[in-house]
Amino acid sequence: MTKDYRFEGERGPVSFADLFGAKQTLVVYSYMFGPQRERPCPMCTSLLTAWDGEARDVEQRVALAVVARSPIERLVAFKKERGWRNLKLYADMAGEFSRDYHALPPDGGDEAAFNVFTRRDG
């Protein structure tokens, strides 16, 4: 990876490298909840509801991040509405990560994407 992607997390700004925490592997789910949507994708929401219950177990081995293009306040409000406790949400307001990793098609909509990254040499 050559870019230093920036995100807004629930506790403030973070870099892509920060998403790894202490883990060597990072799983990123690109959530279909872009700024043009009134509500998030129901299928993504269903998947993430299941993952919320598994996130603590998954994070014993890998870091898990959910990225969407809506403002973090909007993401957190929906997280509270759904009762999610374990998912870590991040806003990709610039859309650069989403564009580069197949979640932002040329038509400007949004698509779900699942990407796995491995940290090497720091």
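A residue counts as buried when its relative accessible area is under 20%, as exposed over 50%, and as partly exposed in between. Keep that in mind while we look at the salt bridges in this predicted model.

The structure has seven salt bridges. Here are three of them, with the N to O distance for each pair:

| Pair | N to O distance |
|---|---|
| Lys 3 and Glu 96 | 3.4 Å |
| Glu 81 and Arg 39 | 2.6 Å |
| Glu 59 and Lys 88 | 3.3 Å |

Let's start with Lys 3 and Glu 96, which meet in a salt bridge. Lys 3 sits in the segment before strand E1 (6-9), while Glu 96 belongs to helix H4 (residues 96-100), so this pair links distant parts of the chain, 93 residues apart. Lys 3 is partly exposed at 35% relative accessibility, and Glu 96 is partly exposed too, at 34%. There's also a network here: salt bridges link Lys 3, Glu 96 and Asp 100.

Next up is the salt bridge between Glu 81 and Arg 39. Glu 81 is in helix H3 (residues 72-82), and Arg 39 is in the loop between strand E3 (25-30) and helix H2 (42-58), 42 residues apart. Glu 81 has a relative accessible area of 48%, so it is partly exposed. Arg 39, at 44%, is partly exposed as well.

Now for Glu 59 and Lys 88, another salt bridge. Glu 59 lies in the loop between H2 and strand E4 (63-68) and Lys 88 in the loop between H3 and strand E5 (89-91), so the pair ties together parts 29 residues apart in sequence. Is Glu 59 buried or exposed? Its relative accessible area is 18%, so Glu 59 is buried. Lys 88, at 37%, is partly exposed.

How values were computed:
Residues numbered from 1 in each chain as written. Predicted model: local features only at pLDDT ≥ 70, side-chain atom pairs only at ≥ 80, totals over all residues. Heavy atoms only, no water. Salt bridge = Lys/Arg side-chain N within 4 Å of Asp/Glu carboxyl O. Helix = DSSP H or I, 4+ residues; strand = E, 2+ residues; numbered from the N terminus. Buried < 20%, exposed > 50% of the residue type's maximum accessible area, 1.4 Å probe, protein only.
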